[in-house]
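The structure is shown first.

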Amino acid sequence: MLDSVDWEVRRGERWVVLGPNGSGKTTLLLVAGMQLLPTRGVVEVLGERYGRTDARVLRRRVAFVSQSTLRILRPSLRALEAVMTGRYAALEPWWHRYDDRARDRAMQLLAAAGMDHVAQRELGVLSEGERQQVLLARALMGEPELLLLDEPAAGLDLGARERVVERLASLASDPAAPPVVLVTHHTEEIPPGTTHAALLQAGRMVAVGPAATVLTSAPVSAAFGLDVDVVHSQGRWYARAVC
């Protein structure tokens, strides 16, 4: 449950939402993605207000990437097909027609992530890291105006995690990329180029603002209820408990 959240994401900003399990991070993304209706308060997404616009239409302008997406995509879909379906936020490629430009665009997105070699492989045989890269490419295929990422590096090994972080850093540095909101539990998963941060605890934002101010030892310790030392080095953040 969220309570007393006052939050605004502006054009060009790259956000991370950090907090412990059960703090409301995913709920916040679901509300921002117009997939969950709040019981009170005012929510505006891309200039449109909940209750005064067709949420079904607005959702097409927002890309939401989470593990749940994988559960509804057919495992026998080839990676290239899965990416192409992102153009219309569809689940099956046969629901729409795709021309050569769409296929070229999908291949370019896979190549940008270093995943062009898996284009003809089925989702079901890809590694977790490869599937996450395909999901991200699929989200970008629709040219969204807002990109929401729910723990894209969760469960990945070190190499796969670093490749995801590298891809997100590339997006952060691209002025043509839409605003990005990344939800994570771990400071190590925050990509370079992150401009802003929000710390959640028990549904409330305990710190919000520029990443350089929020992602420091005292606020992060308060959010997690544990004394931690947060270090910022070469564009990355690292945290460890204070003994």
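## Cut-offs for burial

A residue counts as buried under 20% relative accessible area, as exposed over 50%, and as partly exposed in between. The model discussed here is predicted.

## Helix α6

Helix α6 covers residues 128-141. At 1.5 Å a residue, its 14 residues should span 20 Å, and the end C-alpha atoms are 20 Å apart, which agrees.

Of the 14 residues of α6, 13 are buried, so the helix is largely enclosed by the rest of the structure.

## Packing of α6 against α7

Two packed helices are described by the angle between their axes and the distance between the axes. The axes of α6 and α7 (residues 158-172) come within 9 Å and cross at roughly 20 degrees. Because angles under 35 degrees count as roughly parallel, α6 is roughly parallel to α7. The crossing is right-handed.

On the α6 side, the contact is made by Gly-129, Gln-132, Gln-133, Leu-136 and Leu-140. On the α7 side, Ala-160, Arg-163, Val-164, Arg-167, Leu-168 and Leu-171 take part. Six residues of this contact are nonpolar, three are polar and two are charged.

## Loops on either side of β5

Glu-143 follows α6 and lies in the loop between α6 and β5 (146-150). Its phi is near 50 degrees, a positive value in a residue other than glycine. With 58% relative accessibility, Glu-143 is over the 50% cut-off and therefore counts as exposed.

Glu-151 sits in the loop between β5 and α7. The phi of Glu-151 is also positive, near 50 degrees, and this residue too is not glycine.

Notes: Residues are numbered from 1 along each chain as its sequence is written. This is a predicted model: local features need pLDDT of at least 70, side-chain atom pairs count only at pLDDT 80 or more; totals for chains, interfaces and linings use all residues. Side-chain values use heavy atoms; hydrogens and water are left out. Helices (H or I, at least four residues) and strands (E, at least two) are DSSP runs, numbered from the N terminus. The expected span of a helix is 1.5 Å times one less than its number of residues. Buried means under 20% relative accessible area, exposed over 50%, partly exposed in between (1.4 Å probe, protein chains only). Axes are lines fitted to C-alpha atoms, for helices over the stretch in contact, and angles run from 0 to 180 degrees between N-to-C directions. Angles under 35 degrees count as roughly parallel, over 145 as roughly antiparallel, 65 to 115 as roughly perpendicular and the rest as oblique. A crossing is left-handed if the near helix is turned anticlockwise from the far one by less than a right angle, and right-handed if clockwise. Contact means heavy atoms within 4.5 Å. Ala, Val, Leu, Ile, Met, Phe, Trp, Tyr, Cys and Pro count as nonpolar, Asp, Glu, Lys and Arg as charged, and the others, Gly among them, as polar.
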